[in-house]
Amino acid sequence: MSQPPITTASGIPVADNQNSASAGPRGPLLLQDFHLVEKLQHFNRERIPERVVHAKGSGAYGTFTVTHDIRGFTKAKLFASVGKQTDTFLRFSTVGGEKGSADTERDPRGFALRFYTEEGNWDLVGNNTPVFFLKDGIKFPDFIHTQKRDPQTNLKSATMMFDFWSKAPESLHQVTTLFSSRGTPDGYRHMHGFGSHTYSMINDAGERVYVKYHFLTQQGIRNLTAAEATRIAGSDPDYAQRDLFNAIARGDFPRWTLSIQVATEAQLAAWEQRTGWNPFDLTKVWPHGDFPMQQVGVLELNRNPLNYHAEVEQAALSPSNVVPGLGYSPDKMLQARLFAYHDAQLYRVGTNHQYLPVNAPRCPVHNQQRDGAMAFANGGAQQNYATVEAGGTNPQGLGNGEPALALDGAAGRYDPRGTDDDYTQAGNLFRLLDAAERQALCDNLAGPLSQVSDEIVQRQLGHFDKADVAYGAGVRAALKARGRNVD
Ligand code: HEM
């Protein structure tokens, strides 16, 4: 295949890209060979910091199509009519491992979805699980450190993980999901995606409802056994990347059905009164029986990126990106995340990361943010300052027409331990599993638990017992089968 002639980055044709300029055939080299110098300099700067979490990932573009009218809930234009299509980008990931880690590790999977809407980018940055380990973002850096490497040994540590989890009972629901077979999905196409948090929607009449987003795989759920996942980690560590890329390349486009659960503030208040569960607590689901699923649309992934680094590694999604008609909730985890992502991306990708093609909205951008490294469009000749004048803002813009959110309570730090019920929903999940699934869960837990101290094992067993006595008994039996003596 003939290739175009090589140039420097400044477009200067290069006569010889294979032999450095040297003083005589044996060298030394001449500093004036700036093509060699530029080539080595650029190579030295090829890496950007990997994401502090979710470093290993795969991305693809797609289309979202509205199938059901939800204009009663939201005025967001992407939902304006049945049949309306919006371009999307989705990045899947694992959480704890480095950029080179294996795709089949036991870990939640990221499901970070961008909608390029006519009113700006809406990013729904979720996971393949409806809940999370924590309910307060102040604990997130500590939790993530337990999933990374020991500061001295540089090894992953079951002790760090279970020391943390056993002292944070709110993690039990997600720990139960993680150690079930859903903790090792068979690639990215055979798993669901969730917004996980409670979000809000605002309609044209200025009414707010709260929603949970569910993307249900049309490929069917398929999980790996622990043994299969371990084997594939050795034989094909990029298993999920390969599966996704190849499926799209052969035209076998994966699809997910978007459904939402919807509740008014009054319905949530009544539900909380009845169940004792805070509807904004990320460690809790809204049972489908209480809040039925309502179908909204279909997401299809149908285009592979051309360049992984430019389009996937530099992708920068943030839960703070919502469009008019969509909104946040008081969920403390979500509130912490609203700060964290853009801040991480200013460091990881740079000041002007939102102007890169994968991140740029597909609608006009107009503000007075200027300059900084890599400012290639930079507002052109437009005025670079704003003045206070009527009509300077968009009457349809974000926040306009939203009902005021009534808040109460004294500013302070509130410890939910001792008052929140962190066991019933984890127990409900355990009770949903069939016998084989329960056995797999208990075996999967016994693996790492058998490596940690008695003190941690006992503390963690106490949580399983409180969720369901059969859960505690099952893990004890699995530990004994591994030769670990437990009461
Ligand atoms: C307060 C808790 C959390 C904090 C502080 C946090 C922070 C972060 C940060 C800093 C990144 C890297 C962003 C980047 O460099 O582009 C990230 C990535 C990510 N987080 Fe979180 N996170 C939190 C909780 C969660 C939760 C609860 C979920 C899912 C429900 C989640 C899903 C993701 C996903 C999917 C990515 C990868 C995004 C991508 O593919 O580019 N995170 N998180």
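Contact here means heavy atoms within 4.5 Å, and buried means under 20% relative accessible area, with exposed being over 50% and partly exposed in between, using a 1.4 Å probe on protein chains only. Helix α3 covers residues 158–166, and seven of its nine residues are buried. Those are A158, M160, M161, F162, F164, W165 and S166. The labels follow DSSP runs numbered from the N terminus: helices are H or I with at least four residues, and strands are E with at least two.

Quick housekeeping: this is a predicted model, local features need pLDDT of at least 70, side-chain atom pairs count only at pLDDT 80 or more, and totals for chains, interfaces and linings use all residues. Residues are numbered from 1 along each chain as its sequence is written, and side-chain values use heavy atoms, leaving out hydrogens and water.

Next, the ligand. How many residues surround the ligand? There are 25, and the closest are R51, R91, Y341, Q345 and R348. To count as near, a residue needs one of its heavy atoms within 4 Å of the molecule. By type, the shell divides into 13 nonpolar, eight polar and four charged residues.

Now zoom in on some arginines. A polar side-chain atom of R348 sits 2.7 Å from an oxygen atom of the ligand, and one from R51 sits 2.9 Å from a ligand oxygen atom. R337 has a polar side-chain atom 3.4 Å from a nitrogen atom of the ligand. The elements giving two or more residues to this shell are β3 (109–117), β4 (120–127) and α9 (332–348). The largest share, eight residues, comes from α9.

So what is the only protein donor of the ligand's iron atom? That's Y341, through its OH, at 1.8 Å, and Y341 is in helix α9. Donors are N, O and S atoms within 2.8 Å of the metal, or 3.2 Å for Na, K and Ca, and water is not among the atoms, so sites may look incomplete.

On to the strands. Take β1, residues 57–66: ten of its ten residues are buried, so β1 is largely enclosed by the rest of the structure. Both faces are covered, with residues including Y61 and T63 on one side and F64 and V66 on the other. Strand β1 runs antiparallel to β2 (residues 85–94), joined by nine bridges, and G62 stands opposite T88 there. Strand β1 also pairs with β9 (residues 293–303) in the antiparallel sense, over six bridges, with T65 opposite V298. For two strands to pair, DSSP has to find at least two bridges between them.

Strand β6, residues 199–202, is covered on both faces too: Y199 and M201 are buried on one side, S200 and I202 on the other. Four bridges join β6 to the antiparallel strand β7 (residues 208–217), and two join β6 to β10 (residues 326–327), also antiparallel. Follow S200 here: this residue stands opposite Y210 in β7 and opposite G327 in β10. The hairpin of β6 and β7 has five residues between the strands, and G206 takes a positive phi near 80 degrees.

Stay on β7 for T217. Is T217 buried or exposed? At 10% relative accessibility, T217 counts as buried. Beyond its neighbours within four places in sequence, T217 is in contact with R189, H190, M191, H192, R255 and W256.

Most residues other than glycine have a negative phi, and most peptide bonds are trans. H54, in the loop between α1 and β1, isn't a glycine but has a positive phi of about 55 degrees. M374 also has a positive phi, near 65 degrees, and lies in the loop between α9 and α10 (424–432). H54 is buried, with a relative accessible area of 18%, whereas M374 is exposed, at 70%. Finally, the peptide bond from G27 to P28 is cis, with omega near 5 degrees, and P28 is in the segment before α1 (34–44).

Methods. A polar contact is a pair of N or O atoms within 3.5 Å; within protein, one must be able to donate a hydrogen and the other to accept it, and residues adjacent in sequence count only if both atoms are side-chain atoms. Ala, Val, Leu, Ile, Met, Phe, Trp, Tyr, Cys and Pro count as nonpolar, Asp, Glu, Lys and Arg as charged, and the others, Gly among them, as polar.
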